[in-house]
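I opened this notebook page to record what I looked up in the structure. The entries begin with a single residue and then turn to the chain as a whole.

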Amino acid sequence: MNDFPLVDQDPAPEWYGRLRPQADDLSPADWIGPHGAGQAPLGTVAGVAAPGFAAYVRILHPALLDERPVRWSTAAAAHGTRVTPCTRWHEVIGVDQDYVNRSDLGLPGVWDEHPHEGPTPPDVARALLPVLARHTRTPERCWFGLWHGYGRWDWNRFPVFETPGRSEVLLAGRLADAGSPVALDEFTELPDLWWPQDRAWILGGDVDLVSTYVGGSPELIADLLAAPDLETHPVAPNDPVG
């Protein structure tokens, strides 16, 4: 028997920012489920995004110093380490993974706050939006997946679709509105999954990760790798995530 009290939750909103939760038809998400493109292994790039794309990229969530973004490469140089496509944050700062969230860690003048753990941070989302918009014919019609386990909202009245290890509420809206949920509250999570109606690409994140992953065309991935406001690395679909 579970002796822990239930967490108080607010009823799920009719609108999540300017995104609309879907109460009935989940078919737009069928292609990324086990009966669509196939279920990718848990803990891999394609398991967080979706399998079947020509190329993939990892976008690192920045650390912070006085609330300003700090690249992993900057932190690595200060710690005498280096960042590769699959490097994890605890490896960058030279600590055991079990202690990565200790509040006493940091390097004066370099970083004082760990990278955001969870789906895409709003500042990273803002840098992604114009690049993603250039690589879809349907930016006005997009779909989003939000993990139903984020604690603030009670999503039980909405159906969910399954991804490796997660159950997601389906949302609909414009690509330009992907970041709009933070209008509800600055600590509101953005959706874990984003994809346009034409399925030209998919973006995936997760509550336990400090990176966002995108699968798409080689041209899109090249654009993301060249984006000056993003710290990115090319990855393969079966690479581990972090």
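**Entry 1: Asp-177**

I located Asp-177 in the loop between β9 (166–173) and β10 (193–196); helices (H or I, at least four residues) and strands (E, at least two) are DSSP runs numbered from the N terminus. The model is predicted, so local features need pLDDT of at least 70, side-chain atom pairs count only at pLDDT 80 or more, and totals for chains, interfaces and linings use all residues. Residues are numbered from 1 along each chain as its sequence is written, and side-chain values use heavy atoms, with hydrogens and water left out.

Is Asp-177 buried or exposed? I found Asp-177 buried, because its relative accessible area is 4%; buried means under 20%, exposed over 50% and partly exposed in between, with a 1.4 Å probe and protein chains only.

I then looked up its partners. Neighbours within four places in sequence aside, Asp-177 is in contact with Arg-18 and Leu-19, where contact means heavy atoms within 4.5 Å.

**Entry 2: the whole chain**

I noted five helices and 13 strands in the protein chain. The C-alpha trace spans about 50 × 50 × 30 Å along its principal axes.

Of the 242 residues in the protein chain, 50% are buried. Among contacts between residues at least 6 apart in sequence, 72% join residues at least 24 apart.
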